Amino acid sequence: MKSWQKILIPTLISLAIGGIYLFTVWKQRQNPGVIGQPDPNQSLSKDDLAVVRTISPAHFDDLQPLEGTRVWMKDGYAMPYYAYEKGQVEFTKRVGLIPSAQPLDIKKIIKAAVPAKVDDSLEHGQRQVFAVFSLPGTLDTYATPVGAIQGSQESYFTDLLFFYDDPHTIYDNWPKDVWATVDAHQVKPGMSELETRMAIGQKIQPNGQTEGDRTVTYDQNGRHWTVTYVKNRATQIKND
């Protein structure tokens, strides 16, 4: 196995908590013209038909168009962020994990070598690639990893991390009270699994294979929620 493969595989595993599910859904949404007979037993919801943009970056320069734009965190409570001061990432000043649906104003995309002692659940490679951002209405800048470079090999996961359009617009069919609960990073009875993931993140341990009819435990940056769903509606909610 090549050295880059040894780096890439753990990285992908780290993101797979929420990413595999999201990637599968996005690919389905990005291919509306697939030839074949529709499944008469399959009923698509408005959420299933929502369009989530991807950019599929392969090289560092592919990320430059993100500079000066606003994105929203998709893989909530999974990615660490650090203070960015005097032109460098301050790895000793880890702020926390970026919440779900948090808007981020991207200032620039940079490369930085990561100290070996830094544990961000990702393999560092020779250099990691970071998005430098500020929070809306603030001046302080921060950095979060969005890719890694090892020799001539590059790997980026911005499509798994970010919405490039406001999710309030993408899922404008959600009621205002649901969005208020999502924005408060809470869960209430009646919410779907997708709405709950948007609220409290992608770190999940499902007890059951059928989405919408199972019990799921969420890790919201150390706070744990256990939510039972029936017909894709939360019926029982516990948290610690």
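Reader: Are Tyr81 and Tyr142 buried or exposed, and what kind of model is this?

Author: The model is a predicted one. In it, Tyr81 is buried, and Tyr142 is buried as well.

Reader: Why is the arrangement of Tyr81 and Tyr142 called an edge-to-face aromatic pair?

Author: The search of the whole structure finds seven aromatic pairs. In the pair of Tyr81 and Tyr142, the ring centres are 5.4 Å apart and the planes form an angle of 80 degrees. A pair requires centres within 6.5 Å, and edge-to-face requires an angle over 60 degrees, so both terms apply.

Reader: What makes this a link between separate parts of the chain?

Author: Tyr81 belongs to strand β2 (residues 80-85) and Tyr142 to strand β6 (residues 142-150), so the pair ties together parts 61 residues apart in sequence. Tyr81 and Tyr142 also form one aromatic cluster with Phe133.

Reader: Why are Phe91 and Phe130 described as edge-to-face?

Author: For Phe91 and Phe130 the centre-to-centre distance is 5.7 Å and the angle between the planes is 65 degrees. The distance is within 6.5 Å and the angle is over 60 degrees, therefore the pair is edge-to-face. Phe91 lies in strand β3 (residues 88-97) and Phe130 in strand β5 (residues 127-134), 39 residues apart.

Reader: How do you know that Phe91 and Phe130 are buried?

Author: Phe91 has a relative accessible area of 16%, and Phe130 has one of 0%. Buried means under 20%, so the term holds for Phe91 and for Phe130.

Reader: Why is Tyr82 called buried?

Author: The relative accessible area of Tyr82 is 1%, which is under 20%, so Tyr82 is buried. Tyr82 lies in strand β2, and its contacts beyond four places in sequence include Phe91, Val118 and Tyr142.

Reader: What makes the charged end of Lys111 count as sitting over the ring of Phe60?

Author: The charged end of Lys111 is 4.5 Å from the centre of the Phe60 ring, and the distance criterion is within 6 Å. The criterion also asks for a position within 35 degrees of the ring normal. Lys74 sits likewise over the ring of Phe163, with its charged end 4.8 Å from the centre.

Reader: How do you know that Asp165 and Arg53 meet in a salt bridge?

Author: The N to O distance between the side chains of Asp165 and Arg53 is 2.8 Å. The cut-off is within 4 Å, so the contact qualifies as a salt bridge. The residues of this pair are 112 residues apart.

Reader: Why are Asp165 and Arg53 called partly exposed?

Author: Asp165 has a relative accessible area of 29%, and Arg53 has 38%.

Reader: What makes the contact of Arg197 and Glu211 a salt bridge?

Author: The side chains of Arg197 and Glu211 meet at 3.4 Å, N to O. This is within 4 Å, so the contact is a salt bridge. Arg197 lies in helix α6 and Glu211 in the loop between β9 (204-207) and β10 (215-220), so the pair ties together parts 14 residues apart in sequence. Arg197 is buried at 2%, whereas Glu211 is partly exposed at 32%. A network of salt bridges links Arg197 and Glu211 with Glu193 and Arg214.

How values were computed:
Residues numbered from 1 in each chain as written. Predicted model: local features only at pLDDT ≥ 70, side-chain atom pairs only at ≥ 80, totals over all residues. Heavy atoms only, no water. Phe/Tyr/Trp six-rings, centres within 6.5 Å; stacked < 30°, edge-to-face > 60°. Helix = DSSP H or I, 4+ residues; strand = E, 2+ residues; numbered from the N terminus. Buried < 20%, exposed > 50% of the residue type's maximum accessible area, 1.4 Å probe, protein only. Contact = heavy atoms within 4.5 Å.
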